[in-house]
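Please read the sequence and the model shown below side by side.

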Amino acid sequence: MEWIESRMGFVGVFVAVCYIAVFLLIMADLWSGVRKAKERGEMRTSLGFKRTVEKIQQYYNALIALSVTDLLQMFAIEYLTKFHGFTLAVFPWLTAIGALGICLIEVKSIMENAQAKTRKSVSDLAHLAEAIKDSQRTPEAVAAEIIKYLNGQQGEKGKNDAAET
């Protein structure tokens, strides 16, 4: 079977790149989630890391099933080409589509982690605006609310820094 030597090297490398891309994006999502938790002052527990391991298991189970199906379809295409004259592209389509879908899910998750930080900042500023609105509207009262807000920000940053050490 000359097609094994001529095509399977490329197919093997392509499938390996798909698997590696999925793993790298899962790790990037884990990193962004840990960063988000640190910024919020939340504890990082084994439960979150366990969810990442479960996610890896689920994704790779699906990818392996798609790769086996691709292997069967590539053998079927080779059979049709060799014995019946049909010419179709031998390529791991299902693995490629599955890996692309998983990668898009992970990119969306990373973006959600980044947006959570922005939403928290906007929420904090809204609380400051409400506190200023509810204050006595004297310059001293407004300045006191701003100082209280800034001290609260410093307090959270100090708490996060202490949690990291």
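What follows takes up the salt bridges, then the aromatic side chains, and then a nonpolar patch.

The model is predicted, and a search of the whole structure finds 3 salt bridges, which are set out in the table.

| Salt bridge | N to O distance | Location |
|---|---|---|
| Lys55 and Asp29 | 2.6 Å | helix H2 and helix H1 |
| Lys55 and Glu106 | 3.4 Å | helix H2 and helix H3 |
| Lys108 and Glu112 | 2.5 Å | both in helix H3 |

Lys55, which is found in helix H2 (residues 46-84), takes part in a salt bridge with Asp29 and in another with Glu106. Because Lys55 lies in helix H2 and Asp29 in helix H1, this pair ties together parts that are 26 residues apart in sequence. The bridge to Glu106 likewise links distant parts of the chain, since Glu106 belongs to helix H3 (residues 93-134) and the two residues are 51 residues apart. Lys55 has a relative accessible area of 18%, which is under the 20% limit, and therefore counts as buried; Asp29 is buried too, and so is Glu106. When residues up to four places away in sequence are left aside, Lys55 touches Asp29 and Glu106.

Lys108 is exposed at a relative accessible area of 52%, whereas Glu112, at 36%, is partly exposed.

Turning to the aromatic rings, the count comes to 5 aromatic pairs. One of them is formed by Tyr19 and Tyr60, with the ring centres 5.5 Å apart and an angle of 45° between the planes, so that the pair is classed as tilted. Since Tyr19 lies in helix H1 and Tyr60 in helix H2, the pair ties together parts that are 41 residues apart in sequence. Tyr19 is buried at 18% relative accessibility, and Tyr60 is buried at 15%. Elsewhere, ring pairs link Phe10, Phe14, Phe91 and Trp93 into a cluster, while Arg35 lies over the face of Trp31, at 4.6 Å from the ring centre.

On the surface, Ile20, Phe23 and Leu24 form a nonpolar patch that has about 290 Å² of accessible area together. Leu24 has its place in helix H1 (residues 2-40) and counts as exposed, with 52% relative accessibility.

How values were computed: Residues numbered from 1 in each chain as written. Predicted model: local features only at pLDDT ≥ 70, side-chain atom pairs only at ≥ 80, totals over all residues. Heavy atoms only, no water. Patch = residues over 30% accessible without salt bridge, like charges linked within 9 Å, V, L, I, M, F, W, Y side chains within 5 Å. Areas by Shrake-Rupley, 256 points an atom, 1.4 Å probe, with all protein chains shown as cover. Salt bridge = Lys/Arg side-chain N within 4 Å of Asp/Glu carboxyl O. Helix = DSSP H or I, 4+ residues; strand = E, 2+ residues; numbered from the N terminus. Buried < 20%, exposed > 50% of the residue type's maximum accessible area, 1.4 Å probe, protein only. Contact = heavy atoms within 4.5 Å. Phe/Tyr/Trp six-rings, centres within 6.5 Å; stacked < 30°, edge-to-face > 60°. Lys NZ or Arg CZ within 6 Å of the ring centre and 35° of its normal.
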